[in-house]
Amino acid sequence: MKLALVSTPRSGNTWLRYLLAGLYGMQQHSVHTPEALDWNAMGENSIVQLHWHREPAFLELLASHGFEVLTIARHPLAVLLSIWQFAPHEPQTANWLSGEGGDETSILNRPVDSAEFLRYACGPRARALLSVTPEWWHAPGVLKVRYEDLVAQPHRTLTELGAQFGPVVRTIDEVLGANTIDKLKLTTTNSHFWQGEPDAWRRMIPQEFWAKIVDAHADVFESLGYTLEPR
């Protein structure tokens with residue numbers, strides 16, 4: 001089994017990769033660009049994580065090496081909040097999509113209720129990053145997971161996703177227990193794992209920003225089925 005986990009940054013990609021790798025004993029790889037990986041060296045049981053557009057050359061690359069595509073969706077406001085939190089601790093966010101639309105400099109160490117955050121959240125950099133999951137979400141044959149479902153019903157979500165993957169090498173309980181938010185926080189120095197709370201944006205991003213961000217990315221919200229109403 002070869003899986004390419006291709007989604008918008010800060011959507012729960014790394015957590016999902018850890019869970020699947022643990023369940024099925026998969027080799028893990030995480031890169032910023034397709035060129036950063038030796039695809040010919042991939043084992044037959046591998047999962048690759050990256051944030052990349054659904055473009056012809058990349059589709060051909062995946063097909064030629066026998067990779068299935070998996071994408072994960074997360075509420076865009078939650079994604080933007082997570083980017084705001086993560087960027088001050090990790091300069092490599094500038095490498096997401098090879099810097100398409102800019103970088104995160106303007107929101108570094110700025111409050112989430114600041115004009116700088118709102119401009120970023122409505123601007124070209126946020127648009128580029130938020131566009132990744134929608135590009136894959138409706139594509140034929142792509143496997144799909146919602147972050148909110150993975151948090152709320154991890155057993156059901158992982159069971160449904162893995163129905164076609166074959167036998168597990170560890171149980172879901174074992175893998176979930178090994179990858180709790182508290183344990184994962186201890187594995188990094190860049191604050192990669194923060195809260196794991198799907199609706200933190202409701203209490204942290206000013207409500208007067210919500211509609212402006214939705215208007216700026218209306219196609220993303222519509223494509224992924226997210227609104228400002230609680231799920």
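Is Arg10 buried or exposed in this structure? Arg10 is buried, with a relative accessible area of 11%, where buried means under 20% relative accessible area, exposed over 50% and partly exposed in between, computed with a 1.4 Å probe on protein chains only. The model is predicted, so local features need pLDDT of at least 70 and side-chain atom pairs count only at pLDDT 80 or more, whereas totals for chains, interfaces and linings use all residues. Residues are numbered from 1 along each chain as its sequence is written, and side-chain values use heavy atoms, with hydrogens and water left out. Helices (H or I, at least four residues) and strands (E, at least two) are DSSP runs, numbered from the N terminus.

- The model contains an open sheet of 5 strands in the order 2-3-1-4-5, with parallel pairing; two strands pair if DSSP finds at least two bridges between them.
- Strand 2 (27-30) and strand 5 (143-146) stand at the edges with a single partner strand each, so one side of each has no neighbour in the sheet.
- On average, neighbouring strands of this sheet are turned by 20° against each other, direction ignored; axes are lines fitted to C-alpha atoms, for helices over the stretch in contact, and angles run from 0 to 180 degrees between N-to-C directions.
- In general, strands of a sheet pair through backbone hydrogen bonds, either parallel or antiparallel.

**Strand 3 and its partners**

- Strand 1 (residues 2-6) and strand 3 (residues 46-50) run parallel and are joined by 5 bridges.
- Along this pairing, Leu3 stands opposite Ile47 in strand 3, and Val6 stands opposite Leu50.
- Strand 3 is largely enclosed by the rest of the structure, because 5 of its 5 residues are buried.
- Both faces of strand 3 are covered, with Ser46, Val48 and Leu50 buried on one side and Ile47 and Gln49 buried on the other.

- Helix 1 (residues 13-24) lies across strand 1, strand 2, strand 3, strand 4 (68-73) and strand 5, and runs at about 180° to strand 3.
- Arg10 belongs to the loop between strand 1 and helix 1, and its phi is near 65°, a positive value in a residue other than glycine.
- Met26 lies in the loop between helix 1 and strand 2 and counts as buried at 7% relative accessibility.
- Leaving aside residues up to four places away in sequence, Met26 touches Met1, Leu3, Leu20, Ala21, Asn45, Ser46 and Ile47; contact means heavy atoms within 4.5 Å.
- Met26 and Val169 are 143 residues apart in sequence, while their C-alpha atoms are 9.7 Å apart in space.

**An exposed loop residue**

- Asn109 lies in the loop between helix 3 (76-86) and helix 4 (115-122), and its phi is near 60°, a positive value in a residue other than glycine.
- Asn109 counts as exposed, at 66% relative accessibility.

**Salt bridges**

- The count comes to 5 salt bridges, a salt bridge being a side-chain nitrogen of Lys or Arg within 4 Å of a carboxyl oxygen of Asp or Glu.
- One of the salt bridges is formed by the side chains of Lys2 and Glu44, at 3.5 Å from N to O.
- This pair links distant parts of the chain, with Lys2 in strand 1 and Glu44 in the loop between strand 2 and strand 3, 42 residues apart.
- Lys2 counts as buried at 12% relative accessibility, whereas Glu44 is exposed, with a relative accessible area of 58%.
- Arg110 forms a salt bridge with Glu116, in which the closest N and O atoms are 3.5 Å apart.
- Arg110 is partly exposed, with a relative accessible area of 36%, and Glu116 counts as partly exposed at 24% relative accessibility.
- In the salt bridge between Arg156 and Glu160, the closest N and O atoms are 3.0 Å apart.
- Arg156 and Glu160 are separated by about one helical turn, because they stand 4 residues apart in helix 8 (residues 154-161).
- Glu160 is exposed, with a relative accessible area of 52%.
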